[in-house]
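Here is a short walk through one protein model, written for someone who likes to keep the structure open while reading. Take a look first, and then we can go through strands, surface and charges in turn.

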Amino acid sequence: MLRPIPILTLAALCLLWSAAAGAQPFAEPIEPHPTPRDGGYEPYAAPPEPEFLPRSAVRIHTGPSLRVDERSPQGGLFAAIDVGEKAAGVRASGTWVRVGSDGGLAQYAAELWIDFGHDRRLHPILGAGAGVARLERASASGLESRSVGVGVLRGALEYVLPVSGTDARAGLEVLGAVPAIAAENAGDPKPWLLISATVGVGF
């Protein structure tokens, strides 16, 4: 016959063990790592790579030009060669406006230029130099030509076109020419402006 005290003790121990086991929380399931869809964190984004802009050491530009002076504006042709790959270089240019007629102009200039946006798509450029201009005017004896030495100052804005692998540019520039040295028959020529819209390709 079982004694009553050990039975009661055993029953009490079973109750205590059951209560202790019931008090322990069940292990929480391991939740998956948050994903961008859960909004838990932002996905890693690599820094954007710098835009590759083709560069060329030699560029040829051409386009229409407009001469503005004391006369009515006159249209002509402009062409230039730039040498320089980075922020500075040299240029040789020629402009022809109604050559062979009264008021005709043939101007040839050399410049040093600075590019303030050489590593960007938009290029603000400032150039200065000197040149010679042949001015034509009608007289009683026919068409006369006179030579004038000029100082030139140029401001330009060029945009690199999205042409793969080619340094192709569209530009707008204004060049001011101030007569400095004139021949005896040149009279007193006034300054003029040349406004040109250009397209350039590099090599």
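## Strand pairing

Strands β7 and β8 (residues 192-202) pair in the antiparallel sense over 10 bridges. This is a predicted model, in which local features need pLDDT of at least 70, side-chain atom pairs count only at pLDDT 80 or more, and totals for chains, interfaces and linings use all residues. Residues are numbered from 1 along each chain as its sequence is written, and side-chain values use heavy atoms, with hydrogens and water left out. Strands here are DSSP runs (E, at least two residues), numbered from the N terminus, and two of them pair if DSSP finds at least two bridges between them.

Within this pairing, G171 has T198 of β8 as its bridge partner, and G176 stands opposite L193. On to the other neighbors: β7 (residues 168-182) is joined by 13 bridges to β6 (residues 142-160), again antiparallel, with G155 partnered by V174. β8 is also joined to β1 by 8 antiparallel bridges, and I60 has V201 as its partner there.

## Faces and the nonpolar patch

In a regular strand the side chains alternate between the two faces of the sheet. β8 has a covered face that includes W192, L194 and S196, and an uncovered one made of L193, I195, A197, V199 and V201.

V201 also belongs to a nonpolar surface patch of about 690 Å², together with V58, I60, I81, V83, V90, L112 and F203. Such patches take residues with over 30% relative accessible area and no salt bridge, nonpolar side chains being joined within 5 Å and like charges within 9 Å; areas come from the Shrake-Rupley method with a 1.4 Å probe. β1 (58-68) and β2 (74-83) each supply at least two patch residues. L112, in β4 (residues 105-115), is exposed at 59% relative accessible area (exposed means over 50%, buried under 20%, partly exposed in between).

## Salt bridges

The whole structure holds 12 salt bridges (a Lys or Arg side-chain nitrogen within 4 Å of an Asp or Glu carboxyl oxygen). R91 pairs with D82 at 2.7 Å; R91 is buried at 3%, and D82 is buried at 3%. R91 also pairs with E173 at 3.1 Å. Because R91 lies in β3 (residues 88-97) and E173 in β7, the pair ties together parts 82 residues apart in sequence. E173 is buried too, at 2%.

Where does a salt bridge involve K190? K190 meets D188 at 3.5 Å, N to O; K190 is partly exposed at 45% and D188 exposed at 59%. Finally, salt bridges that share partners join D82, R91, E111, R154 and E173 into one network.

Definitions and conventions
Helix = DSSP H or I, 4+ residues; strand = E, 2+ residues; numbered from the N terminus. Buried < 20%, exposed > 50% of the residue type's maximum accessible area, 1.4 Å probe, protein only.
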